[in-house]
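Here are a few friendly notes to read alongside the model. Take them one at a time and find each place as you go.

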Amino acid sequence: MQMARKRLQLLLLLKPFDIYPSPISSSSSSSSSAANQVLTYLQNRTSAHKHAINICQTVLNARTAAGLVHWKADFRGHVSGPIRGVDLVVTIGGDGTLLQASHLMDDDSIPVLGVNSDPTRPHEVEELNDEFDATRSTGYLCAATPDTFEQILDGILENRCRPSELARMAVSINSNMVQTSALNDILLAHPCPAAVSRFSFRVKRNGEPLTSLVHCRSSGLRVSTAAGSTAAMHSAGGSAMPILSKELQYMVREPISQMPNAHLMHGWVKSSETMNISWFCREGILYIDGSHVVHSVQLGDTIELSSRAPALKVYLPPHLAHSA
């Protein structure tokens, strides 16, 4: 006798609808054809996102009727506590929504599937290139689009698709572990972008120094995981890392002067090592995965970074999964 397959408990985490402004009224004195063109484009992006949600929910309703899944949906800003009690999290939006989902997950057994709800349209970029930047969502870590969601979901239900484990960064301030692990990167800097950041760091293994103490006056410090190495780190001249690497990559941003240990301004921290930082400005901010998760630091504070946070299981796009 064949046992009935367990229903997949699924959470649909949605990017909100109100992130883009509404088109300017034609009667507004500040309206212009150029401004309205941009705002109409942004309204179209909202419509595309809503359409993607409808498509995914239609697919899920069909699988619910077949007894395969049970699902619920919520906007990403409405979920504050840890995500638990589900078998799969599906994010609909872009990389930002997937990142926010990762911050809500302390159970490393729950996988995430990202759906890029608004992929860039090359013909649109070419057509509007002389007017404004018409690129849409990159969705680097999103394995699905509205067009492929049904196929990929069925692959998960039939155990044909397997998630990959992406390293996350553990962060502690003054030996107190920060609750949020970084999936992409952290940025440590002065609150004022024009101010100088003063800090020192060294890499350690088992508490013993591996490098000399590096003193920095710069625009700050960025440290990325492998998943984040193709984002701001790569734009700043860093190296793209293999997606499943457990190492961290760091780069001192715009050092003011070349020090004797200038070769240590960019480097790597292995999975068995930690990066220990001392902050020497009156105030500072540590940003985790962008600007939404921030922690204040002050003169004399110490920060420790490592790749010892629980990994995040993610269904990767085919080109990343095949290269892993």
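Predicted model: local features only at pLDDT ≥ 70, side-chain atom pairs only at ≥ 80, totals over all residues.

1. The side chain of S307 reaches the backbone oxygen of K246 at 2.8 Å. Residues are numbered from 1 along each chain as its sequence is written, and side-chain values use heavy atoms, leaving out hydrogens and water.

2. Is S307 buried or exposed? S307 has a relative accessible area of 12%, so it is buried (under 20%; exposed is over 50%, partly exposed in between, with a 1.4 Å probe and protein chains only). Leaving aside neighbours within four places in sequence, S307 is in contact (heavy atoms within 4.5 Å) with R168, K246, L248, K270 and S271.

3. S307 belongs to strand β17, residues 302–315 (strands are DSSP runs of E, at least two residues; helices are runs of H or I, at least four; both are numbered from the N terminus).

4. Now look at the open sheet of six strands, ordered β13-β12-β11-β7-β15-β16 with antiparallel pairing (two strands pair if DSSP finds at least two bridges between them). β13 (266–269) and β16 (293–298) each have a single partner strand, so one side of each is left without a neighbour in the sheet.

5. Four bridges join β12 (residues 248–253) to β13. Y250 has G267 of β13 as its bridge partner.

How values were computed. Polar contact = N/O pair within 3.5 Å; in protein donor to acceptor, adjacent residues only side chain to side chain.
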